Every structure is written in structure tokens, then in C-alpha cells.
Amino acid sequence: MNSRRKKRLVLASSLVVGVAVVASLLLYALNSNLNLFYTPSEIVNGKVDTGIKPSVGDRIRIGGMVTEGSLVRDPKSLRVSFAVHDAAGGQVTVTYDDLLPDLFREGQGVVAQGVLTGPGQLEATEVLAKHDENYMPPEVAEAMGKDHQKMQYSEAQKAGG
């Protein structure tokens, strides 16, 4: 092989290796920023189509309804804990150490983003609440299914009492 062909071979192989390194770094960066959406029953039982469950340490988003009577506030800090459930019967405990959205209430739809710290436990970094009477995030609406009934409020609750 002459020196000209050797130079071309080295250049071509260097280019292929460089593209492979850049592609692998890009895929690694995208994978570390990926937040998959799960419902509480999918966290407990696994996805319906694949059976895959998220593992401890995975960054995920969870959507469902805040379980009535599950909200527990720490009196000395902003830390709160509440349960999120869906129509399929799954339930996950979410802990959050920040201010909750103004529209956050028990019985309302929420989406929480965070890290799974144990089976059925999520340490949230962000909590989003539905923002009006008729809106529900599409993922939560799909997860709740057609069985979801709109909440009925008493006149005292409507008046803010």
C-alpha cells in the first residue's frame, strides 16, 4: 500500500470513529434527560403492553388523582407527602419539598416529576396541578380512563369555605 492510500484509510477510519463517539455521547445525553410517563398502576404492576416497571433511581413523570385524606404536611418545613392513584387501582406515595401549586387539592389531577426512591415512592422535583375545572393533562385523562367522574362540590366548597 502506498502512503497516499494509508493517509486516506487513516482519515476515513478517524472520521468513522469520531462520528461514532459523537453519536454515543449524544445518545447518552438524551437518555439521561429522558422522563418517561407512568401511571400509578404501571409503577406497581408494570406497563400493560411490555410489563416493564421503572427501577429505583429512574427519573419519571407520574400522573393521576391525589387520594382524598392522603395529604400530610410537615409543620416545620415545606415538605409534603401525598398519594396519587388511578382508575386501575395503583397508588404511589409522592414526597415534595417545595411550595405546591395554588390549585393543588385532594381529589384533583396532578402530574409529578421526580426520582423513584423505592417501590411505590417518588421524590418529586416538580408538581403540576390541573389549572381549571375542565382541563386534565392528556396523559392523566388517558390513565384515568372513561370511568373518571367529575368531582361534585358542595356550596360551601364553591364559596371557598
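**Close-up views of a predicted model**

**View 1. A salt bridge joins Glu123 and Arg79.** The side chains of these two residues, Glu123 and Arg79, meet in a salt bridge, with 3.0 Å from N to O. Because Glu123 belongs to strand E7 and Arg79 to strand E4, the pair ties together parts that are 44 residues apart in sequence. Side chains of opposite charge can pair when their charged atoms come close. How many salt bridges does a search of the whole structure find? That search finds one. Glu123 counts as partly exposed, at 26% relative accessibility. Arg79 is partly exposed too, with a relative accessible area of 31%. Please keep in mind, here and in every view below, that this is a predicted model.

**View 2. The whole chain, for orientation.** Before the next close-ups, here is the setting. The secondary structure of the chain comes to four helices and seven strands. Starting at the N terminus, you can follow the elements in the order α-β-α-β-β-β-β-β-β-α-α. The chain has 161 residues, of which 30% count as buried. Its accessible surface comes to about 10800 Å², and 57% of that surface belongs to carbon and sulfur atoms. Take the contacts in the chain between residues at least 6 apart in sequence: 55% of them join residues at least 24 apart.

**View 3. The largest nonpolar core and Phe82.** This core, the largest nonpolar one, has 19 residues. Which residues have the most contacts inside it? They are Phe82, Leu122 and Val127. Several strands take part: E2, E4 (79–85), E5 (91–97), E6 (109–118) and E7 (121–129) are the elements that give two or more residues to this core. Now look at the surroundings of Phe82. Leaving aside residues up to four places away in sequence, Phe82 touches Val66, Ser70, Leu71, Val92, Thr93, Val94, Leu100, Phe104, Val110 and Val127.

View 4. Thr67 sits in the loop between strand E2 (59–66) and strand E3 (72–73). Is Thr67 buried or exposed? Its relative accessibility is 16%, so Thr67 counts as buried, the cut-off for buried being under 20%. The side chain of Thr67 is joined to that of His85 by a polar contact of 2.9 Å. Not counting residues up to four places away in sequence, Thr67 touches Ala83, Val84, His85, Gln91 and Glu106.

**View 5. Gln108, a buried loop residue.** You will find Gln108 in the loop between E5 and E6. With 4% relative accessibility, Gln108 counts as buried.

**View 6. Phe37 in strand E1.** Strand E1 covers residues 36–38, and Phe37 is found in it. Phe37 counts as buried, at 16% relative accessibility. Along the chain, Phe37 and Gln113 are 76 residues apart, and their C-alpha atoms are separated by 8.8 Å.

**View 7. Pro119, an exposed loop residue.** Pro119 belongs to the loop between E6 and E7. Its relative accessible area of 81% makes Pro119 exposed, because exposed means over 50%. The C-alpha atom of Pro119 is separated by 8.1 Å from that of Ser55, and the two residues are 64 apart along the chain.

**View 8. Two places to look in helix H1.** Helix H1 spans residues 3–32, and Val17 has its place there. Together, Val17, Val21 and Leu25 make a nonpolar surface patch of about 280 Å². Val17 is exposed, with a relative accessible area of 52%. Ser13 also lies in helix H1. For Ser13 the relative accessible area is 37%, and the residue is partly exposed. Where does the side chain of Ser13 find a polar atom of the backbone? The backbone oxygen of Leu9 lies 2.7 Å from a polar atom of that side chain.

Definitions and conventions. Residues numbered from 1 in each chain as written. Predicted model: local features only at pLDDT ≥ 70, side-chain atom pairs only at ≥ 80, totals over all residues. Heavy atoms only, no water. Buried < 20%, exposed > 50% of the residue type's maximum accessible area, 1.4 Å probe, protein only. Polar contact = N/O pair within 3.5 Å; in protein donor to acceptor, adjacent residues only side chain to side chain. Contact = heavy atoms within 4.5 Å. Core = buried A, V, L, I, M, F, W, Y, C linked by side-chain atoms within 4.5 Å. Patch = residues over 30% accessible without salt bridge, like charges linked within 9 Å, V, L, I, M, F, W, Y side chains within 5 Å. Areas by Shrake-Rupley, 256 points an atom, 1.4 Å probe, with all protein chains shown as cover. Salt bridge = Lys/Arg side-chain N within 4 Å of Asp/Glu carboxyl O.
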